[in-house]
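Subject: Handover of a structure and notes on what was found in it

Dear colleague,

Please find the structure below, followed by an account of what was found in it.

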Amino acid sequence: MSATVIEGSLVVPASARFAIVAARFNHLIVDRLVEGALDAIARHGGKAEQVSLIKVPGAWEIPQALDRAARSKKFDALIALGAVIRGSTPHFDFVAGEAASGSARVASQSGLPTAFGVLTTDTIEQAIERSGTKAGNKGWDAALVAIEMLNLYRALGEAPALGEGKSA
Ligand code: INI
């Protein structure tokens with residue numbers, strides 16, 4: 001039996017508009033995530049004018065700005081970037097929880113592809129490892145997910161009738 005495969009490419013369409021919502025809190029880390037995301041978009045064919053960088057005070061505020069960005073209808077994909085570090089806050093669980101569940105809420109309510117690149121780590125060392133050192137750059141990863149999901153949504157919109165797609 002073969003199935004119809006529908007998946008998103010990693011090529012940025014010229015018409016795509018991205019909103020990156022980035023927290024200023026822990027900016028030494030988050031700035032590296034932003035660089036990674038911008039680099040990923042550029043290296044997959046995107047141009048600077050296709051990306052808006054929206055800055056918010058902390059990860060708690062990320063879903064609020066994602067929601068506004070989605071409602072503006074100016075964007076095709078959203079990317080959330082931040083760093084919540086357990087060692088530096090007694091309310092880690094609240095901030096990290098709201099960043100994650102709020103971003104998921106916006107994704108489902110807006111219908112826009114929304115990538116979650118908010119680090120939630122126990123230590124600053126773990127955050128450094130995930131923002132451009134030995135564990136890669138989660139900003140880059142999130143941007144790649146946004147590109148793929150944007151193209152997937154477009155492919156689903158243009159999905160062929162049963163039996164007309166490519167088979168695997
Ligand atoms: N915001 C973060 O993005 N990361 C953190 O680690 C953090 N800590 O440690 O508290 C943090 N707090 C601020 C929070 O996101 C809000 O900006 C603040 O509570 C005002 O609403």
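Ala100 counts as partly exposed, at 33% relative accessibility. This residue belongs to helix H3. Between Ala100 and Gly117 there are 9.5 Å in space, C-alpha to C-alpha, while in sequence the two are 17 residues apart. Please bear in mind throughout that this is a predicted model.

Which residues of H2 are buried? They are Ile62, Pro63, Ala65, Leu66, Ala69 and Ala70. Viewed down the axis of H2, these buried residues fall within an arc of 160°, so they line one face of the helix. Arg68 and Arg71, by contrast, are exposed on the other side of H2.

Arg71 is joined to Asp67 by a salt bridge in which the closest N and O atoms are 2.8 Å apart. Asp67 and Arg71 are separated by about one helical turn, because they stand four residues apart in helix H2.

Just after H2 comes Lys73, with a positive phi of about 65°. Most residues other than glycine have a negative phi. Lys73 shows the positive value although it is not a glycine. It is located in the loop that runs between helix H2 (62-71) and strand S3 (77-85). Is Lys73 buried or exposed? With 73% relative accessibility, Lys73 counts as exposed.

A second case of this kind is found at Asn26. Asn26 is a residue other than glycine, and its phi is positive, near 55°. The loop that holds Asn26 lies between strand S1 (18-23) and helix H1 (27-43). Asn26 is partly exposed, and its relative accessible area is 22%.

The salt bridges may be taken next. How many salt bridges does the structure hold? It holds ten. One of them, between Asp67 and Arg71, has been described above. Another pairs Arg154 with Asp76, with 3.9 Å between the closest N and O atoms. Arg154 lies in helix H5, whereas Asp76 lies in the loop between H2 and S3, so this pair ties together parts that are 78 residues apart in sequence. Arg154 counts as partly exposed, at 27% relative accessibility. Asp76 is partly exposed too, with a relative accessible area of 24%.

A further salt bridge brings together the side chains of Arg130 and Glu129, at 3.7 Å from N to O. Arg130 counts as partly exposed at 28% relative accessibility. Glu129 has a relative accessible area of 24% and is partly exposed.

Together with Ile6 and Tyr153, Leu156 forms a nonpolar patch on the surface. The accessible area of these residues together is about 250 Å². At 44% relative accessibility, Leu156 itself counts as partly exposed.

Lastly, I would draw your attention to His44. Where does His44 lie? His44 is situated in the loop between H1 and strand S2 (51-56). Its side chain reaches the backbone oxygen of Ala40 at 2.7 Å. Leaving aside residues up to four places away in sequence, His44 touches Leu10, Val11, Val12, Trp140, Leu144 and Ile147.

Yours sincerely

Definitions and conventions: Residues are numbered from 1 along each chain as its sequence is written. This is a predicted model: local features need pLDDT of at least 70, side-chain atom pairs count only at pLDDT 80 or more; totals for chains, interfaces and linings use all residues. Side-chain values use heavy atoms; hydrogens and water are left out. Helices (H or I, at least four residues) and strands (E, at least two) are DSSP runs, numbered from the N terminus. Buried means under 20% relative accessible area, exposed over 50%, partly exposed in between (1.4 Å probe, protein chains only). A polar contact is a pair of N or O atoms within 3.5 Å; within protein, one must be able to donate a hydrogen and the other to accept it, and residues adjacent in sequence count only if both atoms are side-chain atoms. Contact means heavy atoms within 4.5 Å. Patches are made of residues with over 30% relative accessible area and no salt bridge: like charges are joined within 9 Å, nonpolar side chains (Val, Leu, Ile, Met, Phe, Trp, Tyr) within 5 Å. Accessible areas come from the Shrake-Rupley method with a 1.4 Å probe; for residues, only the protein chains shown count as cover. A salt bridge is a side-chain nitrogen of Lys or Arg within 4 Å of a carboxyl oxygen of Asp or Glu. The arc is that of the directions from the helix axis to the C-beta atoms.
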